[in-house]
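Please look through the sequence and the three-dimensional picture before reading on. The report after them goes from the whole assembly to single residues.

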Protein chains: 2
Amino acid sequence: MMRAEDRQKVRDLRLFRDIDDAAFDALLAGSYLQRFPTHVVLIREGDPADFLHVVVGGAVELFSGRNGSESTMDIVRPVSTFILAAVIKDAPYLMSARTIEASDILMIPSSNLREGIASDPALGLAMVTELAGCYRAVVKSNKNLKLRSAVERLANYLLRLDADQGGTGRTDLPIEKRVLASLLGMTPENLSRAFATLKPYGVSVTGTAIELTKIEDLKRLAKPTPLVDDPDA
Amino acid sequence: MMRAEDRQKVRDLRLFRDIDDAAFDALLAGSYLQRFPTHVVLIREGDPADFLHVVVGGAVELFSGRNGSESTMDIVRPVSTFILAAVIKDAPYLMSARTIEASDILMIPSSNLREGIASDPALGLAMVTELAGCYRAVVKSNKNLKLRSAVERLANYLLRLDADQGGTGRTDLPIEKRVLASLLGMTPENLSRAFATLKPYGVSVTGTAIELTKIEDLKRLAKPTPLVDDPDA
DNA sequence: CCTTTTACTTGACAAATATCAAGCGCTGGG
DNA sequence: CCCAGCGCTTGATATTTGTCAAGTAAAAGG
């Protein structure tokens, strides 16, 4: 049902790396890997957390909001899990999820996870670390929102994007602009204007292609700090 | 060094409730309980996480921000811990903390915690649950910020405050208004105006005393949802 | 008791952000 | 190839939120 290659990808996740083979097999019993096309809703906020989802390929958008207005909370890329906290607490999902590319999603029954925690200390330890990391990521996102303006958030996003791709000054936006706008907490119109505002700081945009020519100027504006912008800090 | 009463309070924390006495004793070795006056900075963001802090009495404000502007991220009240994630990851604090009342703070060496996790599965399990709860709390806060206007955030805060105190329609603000403003992501001036905006919805304010006379009207405006406003969901 | 400070409020104004409407330029389907 | 649809941009305007300045009220301290 699952190709060895994909299975290995999941095995290598920090979350599962240190558990023994038997425990890993038990965990995956009843799991299934499925390929979804773009723009498919995988989970809806408020639903019970029956499965832990692992993005093996593609990309998934976590979003929230009812009655018309909604907001992108995060983008999940391979290989990582999402909504782990809901699974552990056996609580309803706080966010909805949909694919933004064709994606391979592994779904592991929540009960397997909960039993695994109880019986396997190595898994429990990995979970503690994983959740602590998730918590810190959301806190950083919170700080980003509360302490920075829209233009600053965009500037920092671009700096990080460039740095992640080697700091060449040339990068491509990995997501649609309207999704980026929502992720950064603004409207698409505002994102366009924010790009225009950054032009004097050496930011040029052509479609999805980004060019940063005055990184130092941009940094002076963005004032990046590891305690917000470094995912590993 | 620590009164039995205070010790018991800490023992009853969900985080420590299920571990055995020996493990608890080991955990508390080298810890100390200290009383701080109001407005004392306990930790500064960026510092290494040497201690897990437990608020045994009083109240602590978690905040962030440099160069003049800062923002309140959370208020921690007895009996609970803060900055657990930093301790676990052995990473720098993401937020600063200061007392907003005279407070009794128990400080547990981080190394005790990390050793405890490795050796005691019960502690690991409790941590997983605790962290999952913390994660969900921050996600809710994020949704609150991204999906609601300042007035809506205030309305929901007041509804929750009243509900927590029995839903009598009469409550007192437990924190200063300027702290509340920052917690809700607005300026003190804006908070004053938000209160004025809510007057037609039955909200009256006299000093710290709040009276809600048209709860149903207020709910229609606030549109509270458990997935943002219920700390237990 | 008076003085000084501090929190809060209010008003006028400025800046940031959202909304509405129109138009441009791809892209994909017939 | 043409056309329709969609994402994006731009302009005009409205709303929200922040800033600055002044004033009031209440608390803290001598």
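## About the model

This is a predicted model, in which local features need pLDDT of at least 70 and side-chain atom pairs count only at pLDDT 80 or more, while totals for chains, interfaces and linings use all residues. Residues are numbered from 1 along each chain as its sequence is written, and chains are lettered from A and ligands numbered from 1 in the order in which they are written.

## How the two chains meet

Chain A can be laid on chain B by a turn of 180° with a shift of 0.0 Å along the axis, and the RMSD is then 0.0 Å; the superposition is by least squares on the C-alpha atoms of residues with pLDDT of at least 70 in both copies. The two copies are thus related as by a two-fold rotation axis.

The contact between them takes 39 residues from chain A and 38 residues from chain B, where two residues are in contact if their C-beta atoms, placed from the backbone, lie within 7 Å. On the side of chain A that touches chain B, the elements that give two or more residues are strand S5 (71–76), helix H3 (84–89) and helix H5 (121–147) of chain A. Here helices (H or I, at least four residues) and strands (E, at least two) are DSSP runs, numbered from the N terminus. H5(A) provides the largest share of this side, 21 residues. By class, the side of chain A that touches chain B has 22 nonpolar, 11 polar and 6 charged residues; Ala, Val, Leu, Ile, Met, Phe, Trp, Tyr, Cys and Pro count as nonpolar, Asp, Glu, Lys and Arg as charged, and the others, Gly among them, as polar. Because 97% of the interface residues of chain A are also interface residues in chain B, the copies meet through the same surface.

## Around the DNA strands

H8(A) gives the most, with 5 residues, and the surface near DNA strand D has 7 nonpolar, 4 polar and 5 charged residues.

DNA strand C is surrounded by 16 residues, the closest being Ala150(A), Met186(A), Asn190(A), Lys177(B) and Arg178(B). Two or more residues of the surface near DNA strand C are given by each of helix H6 (150–164) and H8 of chain A and helix H7 (177–183) and H8 of chain B, and H8(B) gives the most, with 5 residues.

## Strands and a helix in chain A

Strand S8 (residues 103–109) of chain A is mostly covered, since 5 of its 7 residues are buried; a residue is buried if 20 or more other C-beta atoms lie within 10 Å of its own, exposed if 12 or fewer, and partly exposed in between, with C-beta atoms placed from the backbone. Strand S1 (residues 32–36) of chain A runs antiparallel to S8(A) and is joined to it by 5 bridges, while strand S3 (residues 51–57) of chain A pairs with S8(A) in the antiparallel sense over 6 bridges; two strands pair if DSSP finds at least two bridges between them. In S8(A), Leu106(A) is the bridge partner of Leu33(A) and the bridge partner of Val54(A).

Helix H4 (residues 110–119) of chain A has the buried residues Leu113(A), Gly116(A) and Ile117(A). Seen down the axis of H4(A), these fall within an arc of 100°, so they line one face of the helix; the arc is that of the directions from the helix axis to the C-beta atoms. The face turned away from the buried side of H4(A) carries the exposed residues Ala118(A) and Ser119(A). Among the elements that cover the buried residues of H4(A) are S8 and H5 of chain A and helix H5 (121–147) of chain B.

## A hairpin

Strand S10 (residues 203–206) and strand S11 (residues 209–212) of chain A run antiparallel and are joined by 4 bridges, with Ser204(A) opposite Glu211(A) in S11(A). This hairpin has 2 residues between the strands, and Gly207(A) takes a positive phi near 60° in it.

Key: Near = placed C-beta within 6 Å.
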